[in-house]
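Thanks for coming, everyone. I'll talk about side-chain contacts today, so please have the structure open.

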Amino acid sequence: MSYRNITMANLCIIPARGGSKRIPRKNIKDFLGKPIIAYSIETALSSNLFDEVMVSTDDDEIADIAIELGAKVPFFRSTKNADDYSTTLDVIKEVILAYKGIGKDFDNGCCIYPTAPLVDINDLELGYRKMLEEGRSSVFPLVAFSYPVWRGFENVDDGAVKMIWPEYKSSRSQDLKKVYHDAGQWYWFKINDLIKREQLFGDNTGGIELSELKVQDIDTQIDWKLAELKYEILQGIK
């Protein structure tokens, strides 16, 4: 069964404010020949999973680029939700309510970050399918920690270090439970559930596992270069 033309109204939200601090103008910085936000927009549009692909921004230049790439910017983000303290959930709720204000409702939403050039269409569809088939409120991609967190250390007051979980001091790595973290790429969610519970993650959240090659947090220039390298490797594999 194909989920790309299913009769539910799906909204893609790409949150891209203008005031990024660690990498200035991060959301539209050149990534291998085009603004990095282009990859998220193009992937969303090419997936055929969405009735509308929109960019939530407070920035005129970002809005112009988004529209040129085929996304919609039906309204601008509020000043309140464009600072360093606004959360992804804050932005999603604002977008949903703004659409309701112009008479447009959607069944499902997917937030794709603007600095996620490694997002794969097949992973997006897998997440959507998991949400529908398993009746999940939300689904997002996970990646395993490269080293067992159970063998982690912490600093103490005198400058020494100690194991956080000393009971695992002699455990073999392969015997320890695998632990994951958010891949930081996208979140599928059922809109009514999100509005009702006011959370992206809950007891009924599902995840799909990605390899480390498909995941790269981008907060520094080194991260940026690593993301470009991973992108080129993935393109070479396809």
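**Rings, charges and a surface patch**

Let's start with Phe201, which is partly exposed at a relative accessible area of 40%. By that term I mean anything between buried, under 20% relative accessible area, and exposed, over 50%, with a 1.4 Å probe and protein chains only.

Some ground rules. This is a predicted model, so local features need pLDDT of at least 70 and side-chain atom pairs pLDDT 80 or more, while totals for chains, interfaces and linings use all residues. Residues are numbered from 1 along each chain as its sequence is written, and side-chain values use heavy atoms, with hydrogens and water left out.

Now the rings. How many aromatic pairs does a search of the whole structure find? It finds 14. Rings of Phe, Tyr and Trp (its six-membered ring) pair if their centres lie within 6.5 Å; planes under 30 degrees apart are stacked, over 60 edge-to-face, and the rest tilted. Phe201 pairs with Phe140: the centres are 4.7 Å apart and the planes sit at 55 degrees, so this pair is tilted. Where are the two partners? Phe140 is in strand E6 (residues 138-144), and Phe201 is in the loop between helix H5 (191-197) and strand E11 (205-210), so the pair ties together parts 61 residues apart in sequence. Helices (H or I, at least four residues) and strands (E, at least two) are DSSP runs, numbered from the N terminus.

Next, a cluster. Ring pairs link Phe31, Tyr39, Trp224 and Tyr231. The charged end of Lys29 sits over the ring of Trp224, 5.3 Å from the centre. Lys34 does likewise with Tyr39, at 4.6 Å. "Over" has a cut-off: NZ of Lys or CZ of Arg within 6 Å of the ring centre and within 35 degrees of the ring normal.

Lys34 has another partner. It forms a salt bridge with Glu42, with the closest N and O atoms 2.8 Å apart. A salt bridge here is a side-chain nitrogen of Lys or Arg within 4 Å of a carboxyl oxygen of Asp or Glu. Lys34 is partly exposed at 27%, and Glu42 is partly exposed at 29%.

The whole-structure search finds 18 salt bridges. One of them joins Arg25 and Glu61, at 2.9 Å from N to O. Arg25 is in the loop between strand E1 (10-15) and strand E2 (30-31); Glu61 is in helix H2 (residues 60-68), 36 residues apart. Both are partly exposed: Arg25 at 30%, Glu61 at 42%.

Then take Lys72 and Glu52, bridged at 3.3 Å. Lys72 is in the loop between H2 and helix H3 (88-101), and Glu52 is in strand E4 (residues 52-56), 20 residues apart. Is Glu52 buried or exposed? Glu52 is buried, at 5%. Lys72 is partly exposed, at 43%. Finally, shared partners join Arg22, Lys26 and Asp219 into one salt-bridge network.

Last stop, the surface. Ile222, Leu226, Leu229, Ile233 and Ile237 make a nonpolar patch of about 480 Å². Patch members have over 30% relative accessible area and no salt bridge; nonpolar side chains (Val, Leu, Ile, Met, Phe, Trp, Tyr) are joined within 5 Å, like charges within 9 Å. Areas come from the Shrake-Rupley method with a 1.4 Å probe, and for residues only the protein chains shown count as cover. Leu226 lies in helix H6 (residues 221-237) and is partly exposed at 38%.
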